[in-house]
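Please open the model in the viewer and keep the selection panel at hand.

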Amino acid sequence: MSEKELGQKWDRCLADSAIKFGTGLGLGIVFSVVFFKRRTWPIVFGTGLGLGMAYSNCQNDLKSHYVLHSKVAKEQ
Amino acid sequence: MPLFATKLTLAGGALYVAYDSGLLGNGKEGSVALGRAKDAFPPAVEEWMKYFGFQLPATPKIEFSPLDAWNSGVQKSFHALSVAPSTASDYTKQGLQYVKDLTK
């Protein structure tokens, strides 16, 4: 893949990581306050979930250039 | 029971809002959501400032951009290396000319 494309993928990765980290943190705080009596572990769990989702998205995005994509033709 | 239902509604609502605004989707949706948040941030800050009645100090403008400067060291070094032969020959000619002028 070209360097420009790679740079764009990395930019998307960073932006997505920030979004997922913030979302995980936010949802973790909400669940911690609402259900788990303000304990810390739901916040940490939510943040970890967010980071994991970001890692998985990054991995798929960077791999997608080298993976064969196929389309199944619809039967007419 | 009603308290639990309220809590469930709150948490479920937060989860639905996150899902609906594309915060839990793939990389492309995430960067679109970040762009939307960046665009919405200054007007929101202005609204809050008007509501509370105080002015935040203006953010200083920084001319330096890390994105542009990331490869600048490598680029400058290799540019210098590529023009090194012609620059060296120019300086040699100038030096020889100077010496010739001295001996005239």
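Begin by selecting A:Lys9 and A:Asp61, whose side chains form a salt bridge with an N to O distance of 3.5 Å; the term denotes a side-chain nitrogen of Lys or Arg within 4 Å of a carboxyl oxygen of Asp or Glu. A:Lys9 belongs to helix H1 of chain A and A:Asp61 to helix H2 (residues 41-63) of chain A, so the pair ties together parts that are 52 residues apart in sequence. Helices here are DSSP runs (H or I, at least four residues), numbered from the N terminus.

The model is predicted; local features need pLDDT of at least 70 and side-chain atom pairs pLDDT 80 or more, whereas totals for chains, interfaces and linings use all residues. Residues are numbered from 1 along each chain as its sequence is written, chains are lettered from A and ligands numbered from 1 in the order in which they are written, and side-chain values use heavy atoms, without hydrogens or water.

Next, display chain A and chain B together. Contact (heavy atoms within 4.5 Å) joins 13 residues of chain A to 18 residues of chain B. The area buried between the two chains is about 1400 Å², with 77% given by carbon and sulfur atoms; buried area is the accessible area (1.4 Å probe) lost on putting two parts together, summed over both. Highlight A:Ile19, A:Val34 and A:Phe35, which supply 33% of the area that chain A buries against chain B, more than any other three residues.

Now select helix H1 (residues 3-34) of chain A and helix H1 (residues 2-20) of chain B, which pack at about 175° with axes 10 Å apart. Axes are lines fitted to C-alpha atoms over the stretch in contact, and angles run from 0 to 180 degrees between N-to-C directions. H1(A) and H1(B) are therefore roughly antiparallel, the term for angles over 145 degrees. Residues making the contact include A:Leu27 and A:Phe31 of H1(A) and B:Leu10 and B:Leu15 of H1(B).

Among the contact residues are A:Arg12, A:Asp16 and A:Ile19 of H1(A), and B:Lys28 and B:Leu34 of H2(B).

Notes. Helix = DSSP H or I, 4+ residues; strand = E, 2+ residues; numbered from the N terminus. Parallel < 35°, antiparallel > 145°, perpendicular 65-115°, else oblique.
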